[in-house]
Amino acid sequence: MRVCVFGAGAIGGHLAARLARGGAEVSVVARGATLAAIRERGITVVARDATFEARPAASDDPAALGPQDAVVVTVKGHQLAGVAAGIAPLRRAGTPVAFVMNGIPWWYFDRHGGPLDGTALPAIDPGGAVRAAVGVERTVGGVVYSACTITAPGRIEVENERSRVVFGGLDGTVGEPVRALAAALEAGGMGAPIVPDIRREVWAKLVSNLSNGPLCLLSRQGLAATLRDPAALEAARAGLEEGVAIARGLGIALDVDPAARVAASRSTAHKPSILQDMEAGKPIEMEAMLVQPLALARMAGVPTPVLDLLVGLARSAAEATGQYRPAA
Ligand SMILES: NC(=O)C1=CN([C@@H]2O[C@H](COP(=O)(O)OP(=O)(O)OC[C@H]3O[C@@H](n4cnc5c(N)ncnc54)[C@H](OP(=O)(O)O)[C@@H]3O)[C@@H](O)[C@H]2O)C=CC1
Ligand SMILES: CC(C)(CO)C(=O)C(=O)O
């Protein structure tokens with residue numbers, strides 16, 4: 001199958017290399033030093049199970065890559081609007097577009113059912129640009145578990161044992177191309193389950209990002225070093241519990257043990273992607289991962305005093321360095 005990964009950074013590069021290893025005909029949309037490195041040397045993944053290379057076609061012009069059987073979008077939340085128009089030349093009728101990103105996705109309330117069905121999230125998808133360019137009917141949700149760091153352009157190190165991407169359709173169903181995409185990832189060594197309730201998966205992962213992310217951003221250290229402090233560990237646990245309460249307020253009962261989850265986070269030295277961006281002086285993925293979940297908490301009437309403090313301080317730190325500018 002022909003698959004294009006849009007945004008060949010840490011996660012996109014890892015997925016592209018796994019897909020190629022699994023037999024897919026892969027291309028990537030990349031730019032700058034990443035594009036130059038992939039064209040020259042391909043992508044190298046250094047993971048626990050293997051070190052391997054892939055040589056996908058690469059371009060900064062999606063039209064040069066042509067229509068695909070599936071598209072996987074792996075940019076940062078604040079970069080989404082900038083890639084919307086570029087997705088059109090990659091698709092033909094029936095091409096699914098999977099958004100494999102952290103945080104509240106732009107499509108969260110599309111095909112949601114109930115009174116909130118169709119609620120737009122302008123802070124995530126300003127002006128509905130992504131919805132208009134992609135179309136809800138071809139959109140697929142994706143939640144990725146893979147602790148990745150770019151150590152040089154085109155070279156990605158993966159810290160966790162076995163990575164996985166969970167896919168799911170907005171109405172609980174997916175078509176054959178998504179099953180083929182998942183099969184190629186599995187063949188490449190990455191788990192790729194397809195689930196009937198992708199919103200549950202969004203929250204199951206997000207509760208960790210919400211609680212751990214701001215703490216690491218504030219401590220400027222990776223997970224293990226940050227959570228070594230007993231007060232930080234307790235704040236992470238309490239924040240995680242609040243995240244579970246927000247999900248519950250939105251109708252999703254998570255089966256998560258907060259204490260066990262933060263203990264597991266403490267076992268990895270990984271610097272969360274928002275801290276990597278902070279250190280690199282890049283914009284922080286604040287809106288989708290931290291700010292919007294708390295907006296949904298307000299919508300659901302769920303109090304979140306610990307997360308309000310953690311996210312408030314992280315937000316203020318990122319605003320102070322010019323790495324987060326709230327939408328006007
Ligand atoms: N890194 C990690 O360990 C994890 C990250 N995630 C999530 O995955 C998503 C992707 O994160 P991550 O891979 O870390 O991010 P990266 O910044 O490493 O990758 C995003 C890539 O997309 C590129 N890009 C953005 N816009 C364009 C464009 N218009 N044209 C071409 N290329 C473009 C970026 O280029 P440029 O650098 O030039 O901007 C960059 O190479 C995020 O939602 C993140 O939260 C989830 C789990 C773990
Ligand atoms: C920390 C991790 C791997 C999982 O919580 C993540 O999602 C990130 O780095 O953005």
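**View 1. Val97 lies in strand β7, which spans residues 97–100.** Strands here are DSSP runs (E) of at least two residues and helices are DSSP runs (H or I) of at least four, both numbered from the N terminus. This is a predicted model, in which local features need pLDDT of at least 70, side-chain atom pairs count only at pLDDT 80 or more, and totals for chains, interfaces and linings use all residues. Residues are numbered from 1 along each chain as its sequence is written, and chains are lettered from A and ligands numbered from 1 in the order in which they are written.

View 2. Leaving aside residues up to four places away in sequence, Val97 touches Val71, Val73, Ile87, Arg91, Val134, Arg138, Thr139 and Val140, where contact means C-beta atoms within 7 Å. Ala70 is 27 residues from Val97 in sequence, and their C-alpha atoms are 6.1 Å apart in space.

**View 3. Helix α9 (residues 230–249) and helix α10 (residues 258–265).** Their axes, which are lines fitted to C-alpha atoms over the stretch in contact, with angles from 0 to 180 degrees between N-to-C directions, come within 9 Å and cross at roughly 130 degrees. The contact involves Leu233, Ala236, Arg237, Leu240, Glu241 and Val244 of α9, together with Pro258, Ala259, Arg261 and Val262 of α10.

Notes
Contact = placed C-beta atoms within 7 Å.
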